[in-house]
Amino acid sequence: MKTRPAGIGNANADWMGSLPTKLSSMPLKHLAVPGSHDSFTYWVDVHAPVGPDQKTYVQYLASMFSVLAKKVMVKWSMTQNLSFMEQLDAGIRYFDLRVSSKPSEPGKEIYFIHGLFGHKVRDGLREINFCLGRHRKEVVFLDFNHYYAMKAEHHHYLILMLQEVFGRKLCNNCSVESITLDYLWENNYQVIVFYHHPSANDTPNMWPGNKIPAPWANTTEPYKLIQFLETTLEERNKQGSFHVSQAILTPRPNTVAKGLVWGLRNYLVERNLPTIMSWVEAQRPGVGGVNIITSDFVELTDFANIVIKLNNLLLCERDEPYLQKCYKH
C-alpha cells in the first residue's frame, strides 16, 4: 500500500461548517465523524521512564535494556504520524486521549501516554484550541478514557485545565439527542469533553463516559474485527448515546515478538488496511448506523474524507428523519 505524505493538507478543515442545513439540524449522534486512535502518539519521549500504563515486566525490561527496549516500544506505541493541528486540518474531529502524571516528577503536571510519555496535555489542548479559534464552526470530541498515576488532586488540576483552555467553548452535559451542529453553533460551543472518572461527576461541562461507548474488539484479525463492529452497531440503539466504532487491530505480545523490528504500522496496520477500509466505505450513518469511526495512522488512506462523505447518504432520505433510505451504488 502506498503511503500518503504526512501533512495531507486542509481540504477538510471546515467540513462541519460546510454541511447542508439538513445535516446540521440532525442529532450529531447520527452523523459520521472521523476520529483517531491514541490520537496524541505522533511524538513520544524516549528519554523519559516507561509509563505506568505498562505491565511491571515491561517496565523492568525497559529499565534493564533502556535504549533497545524503548526503540522497540516507539515502533509499537506510535499509532499516528500527524499532529493535532494536522489531524484537525485533515478532518479528524474525535480524539482518543490517555493521560498520566510522571510518578518521579514533583508537581501535578499531566502528560499524554501510550507506553511512553508524550507531550504535556496542556500543550496539546492549546494547539486544539488555537485551531478551533480559526474554524469557528468545527466541533471536537475529546475522550479522556484512561488515567494512570493520578490522584484526586491530579484530576482536579486536569479538569481546571480543560476549563481554562477552552472556556465558553465547552458544551454542558445534556441529552445526546438534543446535540446538533445548529445547537452548538447557536451557543458557540466547539468542545465536548468526556471524562471517564467520578472526579468530574459534578462538573456540568464534563460529560460522563457512558455517553460515548467505544467497544474494543481486542483482536489482530481483520475479519473478527469487522464481525465485532457489526455486532456492536446492532446493539447501538439501546444506548441512546454517541458511539465509537474502533476500526483498529490490537497487537498481542506474540504479535510484537514476531514483528519486533517492524512495528505496528509496518507489521499489522498497513497489510490489513484494505480490508478495514472496505468495511468503512460500506457503512452508512443514521439510526443504527455508524457515528464516530477511529483509525490508526489516519493519513495512510483517505480515511477522513471517506468517513465524512458517508454523510451524503443522509441527504437522500425523503420521509421520516434519519432512516437509511439511500445506499451506495
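The paragraphs below go through the aromatic pairs and salt bridges of this predicted model. Local features need pLDDT of at least 70 and side-chain atom pairs pLDDT 80 or more, while totals for chains, interfaces and linings use all residues. Residues are numbered from 1 along each chain as its sequence is written, and side-chain values use heavy atoms, with hydrogens and water left out.

The whole structure holds 14 aromatic pairs (Phe, Tyr or Trp rings, the last by its six-membered ring, with centres within 6.5 Å; planes under 30 degrees apart are stacked, over 60 edge-to-face, the rest tilted). Phe141 and Phe194 count as stacked because their ring centres are 6.3 Å apart and their planes lie at 15°. Phe141 belongs to strand E5 (residues 140-148) and Phe194 to strand E6 (residues 191-195), 53 residues apart (strands are DSSP runs of at least two residues, helices, H or I, of at least four, numbered from the N terminus). Phe141 is buried at 0% relative accessible area (buried is under 20%, exposed over 50%, partly exposed in between, with a 1.4 Å probe and protein chains only). Phe194 is likewise buried, at 0%.

Salt bridges number seven (a side-chain nitrogen of Lys or Arg within 4 Å of a carboxyl oxygen of Asp or Glu). Lys29 and Glu177 form one of them, at 2.7 Å from N to O, and are 148 residues apart. Lys29 is buried at 9%, whereas Glu177 is partly exposed at 38%. Another joins Glu138 and Arg93 at 3.0 Å; Glu138 is buried at 2% and Arg93 is buried at 1%.
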